[in-house]
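Here is a quick tour for anyone meeting this protein for the first time. Have a look at the sequence and the fold, then read on.

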Amino acid sequence: MIRILSTAAALLSAAILSLAGLMGGPDAHELLSSAGIEVHDGDTISVPLNGERTTIRYLLIDTPELHHPRRREEELALEAAGANRDLISSGPLRLEFDEELRDRYERLLAYVWVALPEGELLVNEELVRRGFALPLIIPPNGKHAPRIFSAMEEAARSGAGLWSRSENRIFNPSQVWSEATVLAGSFVTVRMTLERVEERGRRILLSQGRLTVTAYRNSRTEALLGLRKGDRVTVRGKLVLSPRGCEIPVASFLQVSRDSDG
């Protein structure tokens, strides 16, 4: 099985690298179409392989949903897809893999590099740097996690993309819940007074009312366990609806700050 997957990965790399002879055209959409590459959204593309289409999901990042079966189009989804299209049409591509080759949906998981005159650029990282993606680290994959988090810090400092969108949208949990159907899929800032700080399995949960901040425990989030009931915090991220109310998934302590008067 490993040999089969490795062979498929090699064939796919060769198929994508065939873009090298097509570079230089002014229209990214026409360029990718001629190579058989389809951009689904900011972090997913598909390419022809052995007469079938193979879907590639970018490793370690998550961009706004454009075609989710249960969610409407999310904020910055079109911009993220456009940035992805422009990046992968700007030079020859190379795929790099991590510990797990495919996800549960059988999508090929990859780091996508594009060759530019000044050197190779990691597309996954660049989408985070431009504020069109947040980190999404799912072990055992994580080879380039330091680069992804460094790009996130750069985006936050410069107010790129989602960081500027959320800056002036300041709510409390009650306001978020009352406007949940409108705000779902948008980037917001929420000021909370924590009622619960819990650890459930691999997840850390910070809650007030119907709003929960969720994080997978790792070196970038375990500091959240130092928070206590009654602490006042400010959270920045994408609001999503959940069966129990609303959630803001966070990937780093950079998204959660303790207020000075907490």
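## The big picture

Let's start with how the chain folds back on itself: of the contacts between residues at least 6 apart in sequence, 59% link residues at least 24 apart. Keep in mind that this is a predicted model. The protein has eight helices and 17 strands.

How many of the residues count as buried? Out of 262, the share is 50%.

In soluble globular proteins, nonpolar side chains tend to be buried together. Here the largest nonpolar core holds 45 residues, and the members touching the most others are Tyr58, Ile88, Val123 and Leu127. Strand β6 (residues 108–116) supplies the largest share of this core, with seven residues. There is also a second, separate core of 21 residues, with Val176, Val190, Val235 and Cys246 among them.

Skipping its neighbours within four places in sequence, Leu127 is in contact with Gly42, Tyr58, Ile61, Ala80, Ala83, Asn84, Leu87, Phe132 and Ala133.

## Asn84, tucked inside

One of those partners of Leu127 is Asn84, which sits in helix α3. Is Asn84 buried or exposed? Its relative accessible area is 0%, so Asn84 is buried.

Which residues does Asn84 meet beyond its neighbours within four places in sequence? The contacts are Val39, Asp41, Gly42, Asp43, Thr44, Ile45, Tyr58, Val123 and Leu127. His40 is 44 residues away from Asn84 along the chain, with 9.5 Å between their C-alpha atoms.

Now for two leucines with a positive phi. Leu60 lies in the loop between β3 (52–58) and β4 (61–62), and its phi is near 70 degrees, a positive value in a residue other than glycine. Leu60 counts as buried because its relative accessibility is 3%, which falls under the 20% cut-off.

Leu76 is in the loop between β4 and α3 (77–88). Leu76 isn't a glycine either, yet its phi is positive at about 70 degrees. With 6% relative accessibility, Leu76 counts as buried.

Then there is a pair of prolines: the peptide bond from Pro139 to Pro140 is cis, with omega near 10 degrees. You'll find Pro140 in the loop between β8 (134–135) and α5.

## The second largest pocket

Pro139 turns up again in the lining of the second largest pocket, together with Ile137, Ala145, Pro146, Phe149, Arg202, Tyr216, Arg217, Asn218, Ser219 and Arg220. The volume of this pocket is about 170 Å³.

Where does the largest share of the lining come from? That would be helix α5 (residues 145–158), with three residues. By type, the lining residues split into six nonpolar, two polar and three charged.

## A loop with Arg228

Last stop: Arg228, in the loop between β13 (211–216) and β14 (232–238). Leaving out its neighbours within four places in sequence, Arg228 is in contact with Leu194 and Val197. Glu195 is 33 residues away from Arg228 along the chain, and their C-alpha atoms are 8.3 Å apart.

Methods
Residues numbered from 1 in each chain as written. Predicted model: local features only at pLDDT ≥ 70, side-chain atom pairs only at ≥ 80, totals over all residues. Heavy atoms only, no water. 1 Å grid on protein atoms, 1.4 Å probe; cavity = no way out; pocket = protein on both sides within 12 Å on 5 of 7 lines; lining within 4 Å. Points joined across faces, edges and corners; volume = space filled by probe spheres on them. Helix = DSSP H or I, 4+ residues; strand = E, 2+ residues; numbered from the N terminus. Nonpolar A, V, L, I, M, F, W, Y, C, P; charged D, E, K, R; others polar. Core = buried A, V, L, I, M, F, W, Y, C linked by side-chain atoms within 4.5 Å. Buried < 20%, exposed > 50% of the residue type's maximum accessible area, 1.4 Å probe, protein only. Contact = heavy atoms within 4.5 Å.
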